[in-house]
Amino acid sequence: MKATTSISEARAELTRLRDEARADYGRVSEGFVARIDASLAIFEDAHAEGNRGLEPELAMALVLRARYHGVGLSGHEAMALVERARPLLEAHGLYEDLMLGTLVDADVQLEVGDLDAALVSAERAEALYSRLPSQGSAEASLLVLRGRLARRRGDRGAALKYFERARACCIERGARGTLMRVTLNLGVLHYERRELRRAIGYHEQVLALALEEREPQRKLLGNLRLNLGLIQLDSEGFEEAARHFEDALEWLEPGSDAYMRLRARLGFGKAMVGLG
């Protein structure tokens, strides 16, 4: 979005971005995030110039950017954006965005292993969600969060139920991008349960969907290939494992994905040993 964009145009673009995220949060690309960044910059500038009439738009843009913290933004930076937005969201009664910001908190807390804090944030998000007139696609995000929490606490049976409900919700709403992420969680869960055939099946479903995307998500594809390599390695499918590890290295970035690239290299070495 150009610097000369009018406030009315910026508002219209923010509405489009929020509608796209609401319809299918999981479908993300660098171009989409760049549009969010451009929108946020306009409202940041207006706020810096003393335009308090745009506080709701600034708060909504802050939360929207925080939701995509996997793209050029750390989890802690995302939580800082939500913290900035929270008093504005509360002041203007923007409960949907307040709920989405609380989901960001829970997601980051879960990622760093603070399960108690993540549970508190999840419960707050659910309480806010129950007040919303329009349920939107956030239902799947809440179910996935509950499933991830259950998995981290060792209750894989409960996790499976949450993920399956989230998957059904995505299919019903046609939320293809979010469906990929839910199905990936199912694949990981079955891998942890040592149900390797099912784990491979779910990962291959996600891979097929991801490769059909107009803008391939490099990190997602790299993660999928890495996981498939690890599962095939455990299944003693050494040739398939080696192929997936090589493909993972093609998709994973040398800088930001250094740890996953290391795991792919190590896995490839083990596959070669297995092949003799």
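This report describes selected helices, salt bridges, loop residues and a surface patch of the structure shown above.

## Basis of the description

The structure is a predicted model. Residue numbers start from 1 along the chain as its sequence is written.

Helix α9 spans residues 176-192 and helix α10 spans residues 196-211. The axes of α9 and α10 come within 8 Å, with a crossing angle of roughly 160°. This pair, α9 and α10, is therefore also described as roughly antiparallel. The handedness of the crossing between α9 and α10 is left-handed.

## Salt bridges around Glu 192

The count of salt bridges in the model comes to 27. In general terms, side chains of opposite charge can pair when their charged atoms come close. Glu 192 takes part in a salt bridge with Arg 151, in which the closest N and O atoms are 2.6 Å apart. Arg 151 counts as buried, because its relative accessibility is 18% and the limit for buried residues is under 20%. Glu 192, at 28% relative accessibility, counts as partly exposed.

Glu 192 also meets Arg 156 in a salt bridge, with a distance of 3.7 Å from N to O. Arg 156 is partly exposed, with a relative accessible area of 34%.

Another salt bridge joins the side chains of Glu 240 and Arg 243, at 2.5 Å from N to O. Both residues, Glu 240 and Arg 243, lie in helix α12 (residues 238-251), and they are three residues apart, about one turn of the helix. Glu 240 is partly exposed, at a relative accessible area of 33%. Arg 243 is likewise partly exposed, at 36%. Elsewhere, salt bridges that share partners join Glu 13, Arg 16, Glu 20 and Arg 35 into one network.

## Loop residues with positive phi

Most residues other than glycine have a negative phi. Arg 194 has a positive phi of about 65°, although Arg 194 is not a glycine. Arg 194 is placed in the loop between α9 and α10. With a relative accessible area of 49%, Arg 194 is partly exposed, as the exposed class requires over 50%. The C-alpha atom of Arg 194 is separated by 9.9 Å from that of Ser 235, and these two residues are 41 residues apart along the chain.

Glu 236 also has a positive phi, near 65°, and is a residue other than glycine. Glu 236 is located in the loop between α11 (218-234) and α12. At 60% relative accessibility, Glu 236 counts as exposed.

## A nonpolar surface patch

A nonpolar patch on the surface is formed by Tyr 259, Leu 262 and Leu 266. Together, these residues have about 350 Å² of accessible area. One of them, Tyr 259, is placed in helix α13 (residues 258-275). The relative accessible area of Tyr 259 is 59%, and Tyr 259 is therefore classed as exposed.

How values were computed:
Predicted model: local features only at pLDDT ≥ 70, side-chain atom pairs only at ≥ 80, totals over all residues. Heavy atoms only, no water. Patch = residues over 30% accessible without salt bridge, like charges linked within 9 Å, V, L, I, M, F, W, Y side chains within 5 Å. Areas by Shrake-Rupley, 256 points an atom, 1.4 Å probe, with all protein chains shown as cover. Salt bridge = Lys/Arg side-chain N within 4 Å of Asp/Glu carboxyl O. Helix = DSSP H or I, 4+ residues; strand = E, 2+ residues; numbered from the N terminus. Buried < 20%, exposed > 50% of the residue type's maximum accessible area, 1.4 Å probe, protein only. Axes fitted to C-alpha atoms, helices over the stretch in contact; angles between N-to-C directions. Parallel < 35°, antiparallel > 145°, perpendicular 65-115°, else oblique. Left-handed = near helix turned anticlockwise from the far one by under 90°.
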